Amino acid sequence: MQVARIIAGFTLGHADELRRAMGKKNLEKMVKEKEQFIAGALERGYSGKKADEIFELLIPFAGYGFNKSHAAVYAVVAYKTAYLKANFPVEFMAANLTNEIYSTDKDKLSACIDETRKMGIPIDPPDVNRSEKFFAVVGGRIVYGFLGIKGLGEGAACAIVDGRKEGPYKDFMDFLNRLDIKLVGKSVIERLILTGAFDNLGVSRENLRGNLERTVDYAQNIKDDKKFGQTSLFGELGEQEYPDFVFENFPEPDRAEKLKTEKELIGFYFSGHPMDEYRELWQKAVRVDLGNPGTLSGGSCILIGIIKSLKTIVSKSGKMAYAVLSDYNGEIEVTFFPRTWENCQDKIEVDKVAILKGKIEYQRDRERRSFVAGECLGINDVEDAARDTSAQDRKWDKYRNIRNYSKELDVHLLDLGSPAKAIAGSYTAIGALKSLRLHTDKNGHEMAFGTLEDYQGAVDVVFFSRAWKNCKALAAEDEIMA
């Protein structure tokens, strides 16, 4: 803005319009502004060429120019938040969770809950006797805040907290008797039931939900009687004025549905995990730690986890899909290429457990690892697949040994992640021979084509007839070769 003011004679208001046009890449506006900029610069003795050069220098800077004061403020905020997270982790994460309550992107609250759990900080579910309006710290633990429950407003949250001034709620009927049900609302009470906020008051969720209409009517009738002065003869005699409410029993809901409701309303599974029935299988078959991306190495493996999200697209080769799979430790992006997706699409569903066999690959452009699914497995297939994966692991151990030995020999290794960048010359390529097909050359001699693959990528391999004669006895698909 100062450059435009000094060199082209713009007012600061006009200079701000220029900055805005550059920042938003408004090409039509920028063409007009450039004409005025150069005209103003010419009037002040600058050459047209120099004015043009200066204007072009401004464009990328206007996209996001960081002045010193701006950078300093960011540094102070970064330092303070880092200090708080390191020294007051429970309070810091409770504040972050509270901050995300009002976010329009509810996935941010779930992500913050995941981060809190990874830090080893326990989060207790909503509780009518312990929760506050926001997330609170109680005895080194975070208690879920009422406003973190989807669809529960500030008025209802304040009413529940204020109702505890007389002491903790003794039971569900005591809760209804103390609160203005018209203010809180039956839908809010139902959400509190579904998220376990009454779990410590002695009546199961299914019975509370099944009796909700009757309990609310019962409590409201008592309030109406007292409001209009209608007391019973028994009350005057000092005996129990109203009989205790008798709860009707209802069947326990489907566990998966119960957990799904918790996830929808509060962003996390509190009363269990959808994978609990697969835990033993997961412990036996899964050998990768999704919670520690730095330890993920390439190669075949089995994953068992919840499909958190799923997106399908149509590529040149057909319909394919991208998903995010989450297990007890962490999560990873999953790619289903068309052929695999055709076989798996009926078995993959959001919020359901999937058992996948495939390989972990490193994405250089995004500097992260992802999982390429090869097939969907049934529970009965996992043990056989795990044995195959173990055998494959042993082969890749052989690969690592050969590679380390090659480094000691100072061998010129080919980077299979970027073979196109290699200059012409002699290399040693190490990897698994993933495909092999025979061919007869024009002289009638046998030769072969193949694909050599390692953790980073793959390269096509040609065995001309003389080389194939020497290599034939050693070459086999899925074997490690140098």
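Visitor: Let me start with V350: is it buried, partly exposed or exposed?
Guide: V350 counts as partly exposed, at 35% relative accessibility. Please keep in mind throughout that this is a predicted model.

Visitor: Where is V350 found, and what does it touch?
Guide: V350 is found in the loop between helix 17 and strand 7 (353-363). Leaving aside residues up to four places away in sequence, V350 touches I307, K308, S309 and L310.

Visitor: And V286, how far is its C-alpha atom from that of V350?
Guide: The two C-alpha atoms are separated by 21 Å, and V350 and V286 are 64 residues apart along the chain.

Visitor: You mentioned helix 17. Which cysteine there is joined by a disulfide, and to what?
Guide: C344, which lies in helix 17 (residues 338-344), is joined by a disulfide to C376, with an S to S distance of 2.5 Å. C376 lies in strand 8 (residues 368-376), so the pair ties together parts that are 32 residues apart in sequence.

Visitor: What is its handedness, and are the two cysteines buried or exposed?
Guide: The torsion about the S-S bond of C344 and C376 is about 130 degrees, so the disulfide is right-handed. Both C344 and C376 are buried.

Visitor: Changing topic, which residues of helix 11 are buried?
Guide: In helix 11, which covers residues 186-194, V188, I189, L192, I193 and L194 are buried. In general, an α-helix has 3.6 residues a turn, so residues three or four places apart point the same way.

Visitor: What covers those buried residues, and what follows helix 11?
Guide: The cover for the buried residues of helix 11 includes helix 8 (154-162), helix 9 (172-178), helix 10 (181-184), helix 12 (205-210), helix 13 (212-227) and helix 15 (255-266). Helix 11 is followed by G196, whose phi is positive, near 85 degrees.

Visitor: How many aromatic pairs are there, and how are Y169 and F175 arranged?
Guide: The count comes to twelve aromatic pairs. Y169 and F175 form one that is edge-to-face, with 5.0 Å centre to centre and 70 degrees between the planes. Y169 and F175 are both buried, and ring pairs link Y169 and F175 with F172 and F198 into a cluster.

Visitor: What about R279, where does it lie?
Guide: R279 lies over the face of Y328, at 4.0 Å from the ring centre.

Visitor: Stepping back, what does the secondary structure come to, and how spread out is the protein?
Guide: The secondary structure comes to 19 helices and twelve strands. The radius of gyration is 33 Å, well over the 23 Å that the globule rule gives for 482 residues, so the protein is more spread out than a compact globule. Along the principal axes, its C-alpha trace spans about 115 × 80 × 45 Å.

Key. Residues numbered from 1 in each chain as written. Predicted model: local features only at pLDDT ≥ 70, side-chain atom pairs only at ≥ 80, totals over all residues. Heavy atoms only, no water. Phe/Tyr/Trp six-rings, centres within 6.5 Å; stacked < 30°, edge-to-face > 60°. Buried < 20%, exposed > 50% of the residue type's maximum accessible area, 1.4 Å probe, protein only. Lys NZ or Arg CZ within 6 Å of the ring centre and 35° of its normal. Helix = DSSP H or I, 4+ residues; strand = E, 2+ residues; numbered from the N terminus. Rg over C-alpha atoms; globule rule 2.2 N^0.38 Å. Disulfide = S-S within 2.5 Å. Contact = heavy atoms within 4.5 Å.
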